[in-house]
Amino acid sequence: MKSALRSLIDESVTIIREVAAEFERPAMLFSGGKDSVVMLHLAVRAFSPSRVPFPVMHIDTGHNFAEVIEFRDRTVRALDVQLIVGSVQASIDAGRMQDATGPRASRNPLQTVTLLDSIKEHKFDAVFGGARRDEERARAKERVYSHRDAFGQWDPKTQRPELWGIYNGRHKPGEHFRIFPISNWTELDIWQFVADYNIDLPSIYYAHRREVFRRDNMWMAVSPFMKPEEGETVSEELVRFRTVGDATCTAAIESSATTIEQVIAETSVARITERGATRADDRISEAGMEDRKKLGYF
Amino acid sequence: MERLHFATVGSVDDGKSTLIGRLLYDSKSIFEDQLEHIEAVSKRRGDDYVDLSLLTDGLRAEREQGITIDVAYRYFATPKRSFIIADCPGHIQYTRNMITGASNADLAIVLVDARTGVVEQTRRHSLLVSLLGVPHLVICVNKMDLVDYDVDVFNKIRDEFESFASRLDLRDVTFLPISALAGDNVVSRSANMPWFEGSTLLHHLENVYTASDDNRIDTRFPVQYVIRPQRADTPDYRGYAGRVAGGVLRVGDDIMVLPSGLTSTITGIDSPDGPMTQAEPGQAVTILLADDLSITRGDMLCRPNNRPRASQELEAMLCWMDDAAPLQLDKIYTVKHTTKLARGKVSNVLYRLDISNLHRETEIKELKFNEIGRVTLHTTSPLFFDDYHQNRTTGSFILVDESSGQTAAAGMLLSPRS
């Protein structure tokens, strides 16, 4: 009897090992968000009892939830992996780009520059990302091995067909691949894994009281980088985060789920997708994600 | 809970998107924000109805042209099973995508319009399903509401299909009369077709028996990665990681390593869940052996008395996928087969298959984009393989164009014709 979760784990572990075997310098993106946490735990299991044979990389916008950074550092220590931080602030200081300004400024799109610079600096030829196809329309079309040209661009029209379990990672110098080993997982699969394997997550995934204000029909957390505008009133609500990204574009949802079991119960009856409920960055346009991915975004 | 991976094949005109929309909607797998989004886009475009194809047509180019270009993956679950849908475009020029979507599928759904019956496209899709060895096929005769739910229409289409399909290698074919638009026999039974005694589509998907689809007889374990921790607490650990391609491996089993021919005994099996006593097809595990042998990526473990074929001269069905360059005889390509890389060249096209009528055309010197042919392939080192119809993993390979890096072709290894 093949359990659905076990077959997902088998597929993901196989992809992670294949990349470690075929590429010279892989790295795994790690933000402290639940998808990247699950992906990292799969990598640990893929090579056990050896150490994970590649570093993890965090592209840090500097606009973080403090709980997530604390969690990130604790996790890489516990799992004995090497952490590389690509800093958006450092890219701005080096004049690689200008900081986003204005009341609704977000550094989210700026991450692409830092990501591509970091890939080049460390000569990475394969970068694992924790994207899932159920998250978003453009991601539903992306391959597990996703080719990026010398500019880091994704071209959806020339994607290589991907058959059986055979992946084609051939590339020219300067090009790289984004690898998505958990493409076929759903939000609920992620939570089932967290429950079954007792995976530690940042505390903000569970219900807590927090100062928030209403913007675009979403609850935004008050932080040094995120202040209410005139007419937006701050209140303290019982909330949790369904996704964790840059603090300026990730919204909270009202929730009283304080345990994994309660989160699973809540997720199974959710009527809104996780990105739809919480991500301001996807609301830019109908093809917001596709356009950002073409430029080299995660 | 189990997982079923199925492919849907057909064009928008057949009602494929409507059918997927119906399955997702009735199983409560469409979210409110997704529905609001496609309602808004449909309205802005001036459509009279909500276009459910917008759910899967995620790329800008697809929305602009109103067609499906690429395989899209959708996910839904019922209390009995969880499902991955590979939604494949049905246009003639997108054979490449259909092959991609169906290569991993446990089951394929081919839609037939009740008003037009079996058409060339139905034959083409069914042939590809047969060629790719998809174990289960469901022929959905759709739009039954437009033919007054007439049993004779359904029976005629079934007979027509069966007479054609007798020439194909289809193991399990199920016929269902449905209306995706009205919901007949998709999730709930149709009151309009009391003459139909079979199950609904969803019931069939939840219950189709897949446990015997894997090859559990012929033990095949392509070595993917050697795990040798350089740490003090595990000085002697040496494990061979990979995914079981066939058969069942048990602790205590005698095994043989190919190509060396050396033998040993399995002393342990590690997995992402910890140690286990046996490993089944599809599982990612690490095999520990009693003897210290030289084993590297690309080698294969099997049983001493049940070995795969080994040859440098192979026969294969080749589906050409590179739209920029056709197959050139004697040009060298990279061959990727299980975890093994070799180089190889096609020395001969035995015939090209006309997939609309199964005719074999001989005297062919090249294969162009979306063409399928039986070829002779020579490789620089022996491949350890089984006939594709015995094992979809050890029987499949891809050709990579060494200059462009493109996946040029998908191949299925076959026993040479006697």
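## How confident is the model?

Let's start with the scores. The predicted model has an ipTM of 0.92 and a pTM of 0.92. Chain A has a mean pLDDT of 88, with 95% of its residues at 70 or more. For chain B the mean pLDDT is 90, and 93% of its residues reach 70 or more.

If you look along chain A, you will find the highest confidence in strand E1 (residues 26–29) of chain A, at 98. Confidence in chain A is lowest in helix H8 (residues 274–278) of chain A, where the mean is 70.

## Where the two chains meet

Chain A brings 46 residues to the contact between the chains, and chain B brings 47 residues. On the side of chain B that touches chain A, there are 21 nonpolar, 15 polar and 11 charged residues.

## Domains of chain A

Chain A is assigned domain 1 (4–190 + 287–294) and domain 2 (202–282). Taken over C-alpha atoms, the centres of domain 1 of chain A and domain 2 of chain A are 23 Å apart. Their contact draws 20 residues from domain 1 of chain A and 19 residues from domain 2 of chain A.

Which helices of chain A each supply at least two residues of the side of domain 1 that touches domain 2? They are helix H3 (66–79), helix H6 (187–196) and helix H9 (288–294) of chain A. H3(A) gives the most to that side, with 3 residues. By class, this side of domain 1 of chain A has 6 nonpolar, 8 polar and 6 charged residues.

## H2 and H6 of chain A

H6(A) also packs with helix H2 (residues 34–47) of chain A, at an angle of about 55 degrees and with their axes 10 Å apart. That angle makes H2(A) oblique to H6(A). The crossing in which H2(A) passes H6(A) is left-handed.

To find this contact in the structure, look for Lys34(A), Asp35(A) and Val38(A) of H2(A), together with Ile190(A), Phe193(A) and Val194(A) of H6(A). By class, the contact of H2(A) with H6(A) has 4 nonpolar and 2 charged residues, and no polar ones.

## Domains of chain B

For chain B, the assignment gives domain 1 (2–207), domain 2 (221–302) and domain 3 (309–414). The centres of domain 1 of chain B and domain 3 of chain B, taken over C-alpha atoms, are separated by 30 Å. Domain 1 of chain B gives 13 residues to the contact between these two, and domain 3 of chain B gives 11 residues.

On the side of domain 1 of chain B that touches domain 3 of chain B, helix H4 (95–103) and helix H5 (120–131) of chain B each supply at least two residues. The largest share of that side, 6 residues, comes from H5(B). By class, this side of domain 1 of chain B has 4 nonpolar, 3 polar and 6 charged residues.

## H4 and H5 of chain B

These two helices also pack with each other. The axes of H4(B) and H5(B) cross at roughly 40 degrees and come within 10 Å, and the two helices are therefore oblique to each other. H4(B) passes H5(B) in a right-handed crossing.

Which residues meet here? Thr95(B), Met98(B), Ile99(B) and Ala102(B) in H4(B) meet His125(B), Leu128(B) and Val129(B) in H5(B). By class, the contact of H4(B) with H5(B) has 5 nonpolar and 2 polar residues, and no charged ones.

Definitions and conventions:
Residues numbered from 1 in each chain as written. Chains lettered and ligands numbered in written order. Predicted model: local features only at pLDDT ≥ 70, side-chain atom pairs only at ≥ 80, totals over all residues. Contact = placed C-beta atoms within 7 Å. Nonpolar A, V, L, I, M, F, W, Y, C, P; charged D, E, K, R; others polar. Domains from an automatic or database assignment. Helix = DSSP H or I, 4+ residues; strand = E, 2+ residues; numbered from the N terminus. pLDDT = per-residue confidence, 0-100. Axes fitted to C-alpha atoms, helices over the stretch in contact; angles between N-to-C directions. Parallel < 35°, antiparallel > 145°, perpendicular 65-115°, else oblique. Left-handed = near helix turned anticlockwise from the far one by under 90°.
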